[in-house]
Amino acid sequence: MNRLRIALTKGRLQEESVALFERMGLDCTQVKNPGRRLVHSVSNYPLDIVLAKAPDVVTYVEHGVCDLGIVGKDTILEMGRSFYEVLDLGFGRCRFALAVRDGEDFYGTYKTRRIATKYPAVARAFFADKGMDVSVIKIEGSVELAPLLGLADAIVDLVETGATLRENGLVPIEDIHQISARLIVNTASMKLYKPEILDFVGKCERALEETK
Amino acid sequence: MKPFSVSTPEGTKDLLYSDCLARRGVQAALGSLFRRRGYSEIITPEVEYYDLFLQSGNPLPQEAMRKLVDQSGKILVMRPDNTAPIARICASRLQSANLPLRLYYSQTVFRSGSANRGRNSEIAQCGVELIGAPGRRADLEMVATAVQALEACGVSDFRIELGHAGFFRALAAQLDLDEEAYERLRGAVEGKNFASLEELLDSYGKLPAAAALRKLSMLFGGAEVLDEARSLFDGGEAREALDLLAWLYKELSAAGMENRVQFDLGLVHQLEYYTGVVFRGYAAGAGSVVLSGGRYDNLMASFGRPAPATGFAVDVDAVAGCLAPPEPPVPDTVVHYAPECLRGALRLADSMPPGACQLSPYENPEESVALAGEKGAKCVVFLDNGTVREVKL
């Protein structure tokens, strides 16, 4: 069997992914004790694991240097896609929402609204769908700060519980997209290594079914 | 130093030595094959009017095309695609030429909008178009030529994957979808997005077409997927599509190509453009498609000369990337010559394989010897007053 390589998104998705792999019966000793190693092999299954930031997972899979990847739907929506998105893994759930300062009448003005976000493509597509012309401003850190400082009229951001928003006097007024972790596959790998890929995908599906 | 004086623009690159040899090697192998199959090479301008690509119904989004404005204010684009210019020629300059026409090209297409994603904005393509040949014989020849194209380049592990635009169209027609829902469904099939496919088809219950669509993204692999597809849905255009693919497989197998061919009935990219058989090439070592083509029977009509057509393009550098890098020529001899011995020096250089010999630009013999040492040549030949002296290093 050809050995597959998978890129996992570092952080919380990584923990949940590893937990899923263990339910699939994969030996994850190496990836749980990474040390200085960058490529972690699974001893009882033909799979190597690398850890990467979310956008890099998409890049590695698109270029085919990783056959598979686990990444949030948020990153997929923002970056576009040229790969197969085969499974909704169900963890890492949150949503994209539009949030404004409490009491603000966001839509009741003819003025061009200014939107702060880490996800400019998602924000543009959302307002383009509404036929609404907005000005999008990209913020790298805590997006909640922008409306407080008067830089933006609203934010488009990932919301899990809404606690951070409330603490900063913001309220979500519209949901844009539900988000969860996805299993993605490089198009050429899918075609050239079908048995290996489908074996892995099947194992994933069964493990997800069992824990439902 | 100006900040951009030493780098090349985003998405472009210089090709040196073995990279350059590799690209030229692939182009030579393809050109030779295409000429043996009766195709004539044509060269079209690097810039064309934007209208050409609007008229062709080109599926490229406008932001993917590099635009310029000419002196009279007309919008030009750097050639984003090789097929539309060829359709333009067949409908204009070649309008009185008898069909079918066999044309091939080896030229760059230009794209924009992939900043920082490591994609090339200049893509060297080499491909064929067979204009005015209807029917399955032309499809068969085209797929066989695609197989031979990758073989001719020396790609060892590759697959040509066939699909048919009609299979998905027949299934989707059963569902009575509006344009937006159709596009969402197509996107889910193309992306093999199992989860969203389930969701989109939820309301169609047990309709056979819906059941087949749910499985469509998994219908890829060997010839067995054709039988599986037939058991799921076998009506109208779907049956014609499956019959054609099965016939192609039979004939390609008889020609010894069965290990090169596989199928994906979920190959539903550019459905507004492709009308029949579509195919793609995958090669081990290349993370994306290395060859892409299919039947496009509606394109010629948009230029006023309706004609069936089929063709494919090879991504030259993607193919070159899966080959072992070509060996650069080994330097062997440096020729140090007196100016009156020029003729003899040139004759000596011509008698050796390309790259094995170079003339020394120096007057001082010691510099010529040093040059030979630096280049790794094995000897220096001195030509002076009719005497020839060879010094081994």
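This is a predicted model: local features need pLDDT of at least 70, side-chain atom pairs count only at pLDDT 80 or more; totals for chains, interfaces and linings use all residues.
1. The buried residues of helix α9(B) pack against α5 (165-173), β8 (220-221), α10 (236-254) and β9 of chain B.

2. Helix α9 of chain B spans residues 224-232, and its buried residues are B:V225, B:L226 and B:A229. Viewed along the axis of α9(B), these buried residues fall within an arc of 105°, so they line one face of the helix. An α-helix has 3.6 residues a turn, so residues three or four places apart point the same way. On the face of α9(B) turned away from the buried side are the exposed residues B:E224, B:D227 and B:S231.

3. The UniProt annotation "binding site", taken from an unreviewed entry, covers B:D81, B:N82, B:T83, B:R111, B:Q125, B:E129, B:Y273 and B:Y274.

4. B:D81 is placed in the loop between β4 (75-78) and α3 (83-91) of chain B. Apart from neighbours within four places in sequence, the contacts of B:D81 are B:F53, B:N58, B:L60 and B:V109.

5. B:Y274 is located in the loop between β9 (261-264) and β10 (277-283) of chain B. B:Y274 counts as buried because 25 C-beta neighbours lie inside 10 Å. When neighbours within four places in sequence are set aside, B:Y274 is in contact with B:A165, B:G294, B:R295 and B:Y296.

6. Turning to the overall layout, the domain assignment of chain A gives domain 1 as 4-92 + 180-210 and domain 2 as 94-177. The centres of these two domains of chain A, taken over C-alpha atoms, are separated by 31 Å. For chain B, the assignment gives domain 1 as 17-320 and domain 2 as 333-392. The corresponding separation of centres in chain B, again over C-alpha atoms, is 52 Å.

7. Where the two chains meet, 16 residues of chain A are in contact with 16 residues of chain B. On the chain A side, α3 (54-63), β5 (84-88) and α8 (187-192) each supply at least two of the residues that touch chain B. Which of these elements gives the most to that side of chain A? It is β5(A), with five residues. By class, the side of chain A that touches chain B comprises six nonpolar, five polar and five charged residues.

8. Strand β9 of chain A covers residues 154-159, and five of its six residues are buried, so the strand is largely enclosed by the rest of the structure. Strand β6 (residues 94-101) of chain A pairs with β9(A) in the antiparallel sense over six bridges. In that strand, β9(A), A:D157 is the bridge partner of A:A97.

9. Strand β7 (residues 114-117) of chain A is also joined to β9(A), by three bridges, and these two strands run parallel. A:I115 stands opposite A:A154 in β9(A).

Terms used: Residues are numbered from 1 along each chain as its sequence is written. Chains are lettered from A and ligands numbered from 1 in the order in which they are written. Domain bounds come from an automatic or database domain assignment. UniProt positions are given in the numbering used here, feature names are shortened, and annotations may be inferred rather than shown by experiment. Helices (H or I, at least four residues) and strands (E, at least two) are DSSP runs, numbered from the N terminus. Two residues are in contact if their C-beta atoms, placed from the backbone, lie within 7 Å. A residue is buried if 20 or more other C-beta atoms lie within 10 Å of its own, exposed if 12 or fewer, and partly exposed in between; C-beta atoms are placed from the backbone. Ala, Val, Leu, Ile, Met, Phe, Trp, Tyr, Cys and Pro count as nonpolar, Asp, Glu, Lys and Arg as charged, and the others, Gly among them, as polar. Two strands pair if DSSP finds at least two bridges between them. The arc is that of the directions from the helix axis to the C-beta atoms.
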